[in-house]
Structure formats: C-alpha cells, structure tokens
Amino acid sequence: MYEARRRGIEVRVFADETRPLLQGARLTAWELSRGGIATTVICDNMAAAVMREFKPDAVIVGADRIAANGDAANKIGTYGLAIIAKHHGVPFFVAAPMTTFDVTLKDGAGIPIEQRNRKEVAEPYGKLSVPPEASVFNPAFDVTPAALISAHITEKGVYRAPYHFE
C-alpha cells in the first residue's frame, strides 16, 4: 500500500475487523491510517456487500504459514473472503515474507489449527453473550486452498502456481 501511494497510485483500503479479536480494526486500520492510507473498517460479514458495491481491484491478506502447494493459513475468515473474491472476480493475493513458507508441508492439511479460548466469542468485553450450555467453535486460523489464491507476494517477488518457492 505504501509503495503504491509512493508511486502516486490512489489507494483505498477496506479493513475487515477480524473477529473475534478485532486485529483488522485494531492493528491494520491503525497502521494504515497512521501511514496516510485511506482506510474504512468493515465488519467481517460485510465483505461480500463491499465487493459487490465497490468492486475492489484486489484483496490482499497476510498469512501465518504457507504450504509447498501454496495453501495458506491465516486469521479465521480468510478462506471465506477468498471464496467471495472468486465469486466477484476479484484477484486474491497473499502477502507474506519468505519465512512464512513451510515447504516441508505438502499442503494445508498439515497446518495445525489452534482452537482459541471460548471466552473470546462467548464473553466479548467481559459480557456473557452465549448461553453457558452452548458450545463455541473458535479456531484461530483457516486454510485457503491455493486454487483460490491468484499469487503470493513476497520480498523476493510474486509467485504463481505451479509454485516453486525458493
């Protein structure tokens, strides 16, 4: 975003809030706004409507781990965002440093997914919002299949399928 702006390209970002911990609202929006990038925070469940109404040029997400075949694990909701982008014909990019690639993993099925604390969903801001007898499913990450990813953007360049990460 910063490089595009430096080159005189107008950039506008819709930052998903990233529930339940709100990293998009707290971190992404904070960093981009401080950097002078026009940023609008949206609830995660607004992404499809934003794509339909505003027709973005691209979706760019990060990743916590990327398998040899290009499958990428990132904060929960990334997989759904990739599906929505595909439906709307919006290119979906994963931006991550080369240290994120784990070529010892054949595909995303080998990426362990942490189950987070029930309270993050059931008791946001310390207020109980889920009945005590109801279960909570709270994975920290999901895996986006490589087939939904247009390319991986790294400090060493852009990689497209078939992947041969260096």
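Contact means that heavy atoms lie within 4.5 Å. The exercises below concern a predicted model.

**Exercise 1. Determine which residues of helix 3 are buried, how they are arranged, and what they pack against.**

Solution. 
Step 1. A residue counts as buried when its relative accessible area is under 20%. In helix 3, residues 47-54, this applies to Ala47, Val50 and Met51.
Step 2. Viewed down the axis of helix 3, these buried residues fall within an arc of 100 degrees, so they line one face of the helix.
Step 3. The packing partners of the buried residues are strand 1 (12-16), strand 2 (38-42), strand 3 (59-61) and helix 4.
Step 4. Just after helix 3, Lys55 adopts a positive phi of about 45 degrees.

**Exercise 2. Classify the aromatic pair formed by Phe14 and Phe54.**

Solution. 
Step 1. The structure contains one aromatic pair. The ring centres of Phe14 and Phe54 are 5.0 Å apart, and the ring planes stand at 40 degrees.
Step 2. Planes under 30 degrees apart count as stacked and those over 60 as edge-to-face, the rest being tilted. The angle is 40 degrees, so the pair of Phe14 and Phe54 is tilted.
Step 3. Phe14 belongs to strand 1 and Phe54 to helix 3; the pair thus links distant parts of the chain, 40 residues apart.
Step 4. Phe14 has 25% relative accessibility and therefore counts as partly exposed. Phe54, with a relative accessible area of 38%, is also partly exposed.

**Exercise 3. Describe the open sheet of four strands and the pairing of its strands.**

Solution. 
Step 1. The strand order is 7-4-5-8, and the pairing is mixed. Strand 7 (101-102) and strand 8 (141-144) are the edge strands, each pairing on one side only.
Step 2. Strand 4 (residues 65-67) and strand 5 (residues 72-75) run antiparallel and are joined by two bridges. Within these strands, Ile66 stands opposite Ala72, and Arg65 has Ala73 as its bridge partner.
Step 3. Strand 4 and strand 5 form a hairpin with four residues between them, and Gly70 in the turn has a positive phi of about 100 degrees.
Step 4. Strand 5 and strand 8 run antiparallel, joined by four bridges. Ala73 stands opposite Val143 in strand 8.

How values were computed:
Residues are numbered from 1 along each chain as its sequence is written. This is a predicted model: local features need pLDDT of at least 70, side-chain atom pairs count only at pLDDT 80 or more; totals for chains, interfaces and linings use all residues. Side-chain values use heavy atoms; hydrogens and water are left out. Two strands pair if DSSP finds at least two bridges between them. Buried means under 20% relative accessible area, exposed over 50%, partly exposed in between (1.4 Å probe, protein chains only). The arc is that of the directions from the helix axis to the C-beta atoms. Rings of Phe, Tyr and Trp (its six-membered ring) pair if their centres lie within 6.5 Å; planes under 30 degrees apart count as stacked, over 60 as edge-to-face and the rest as tilted.
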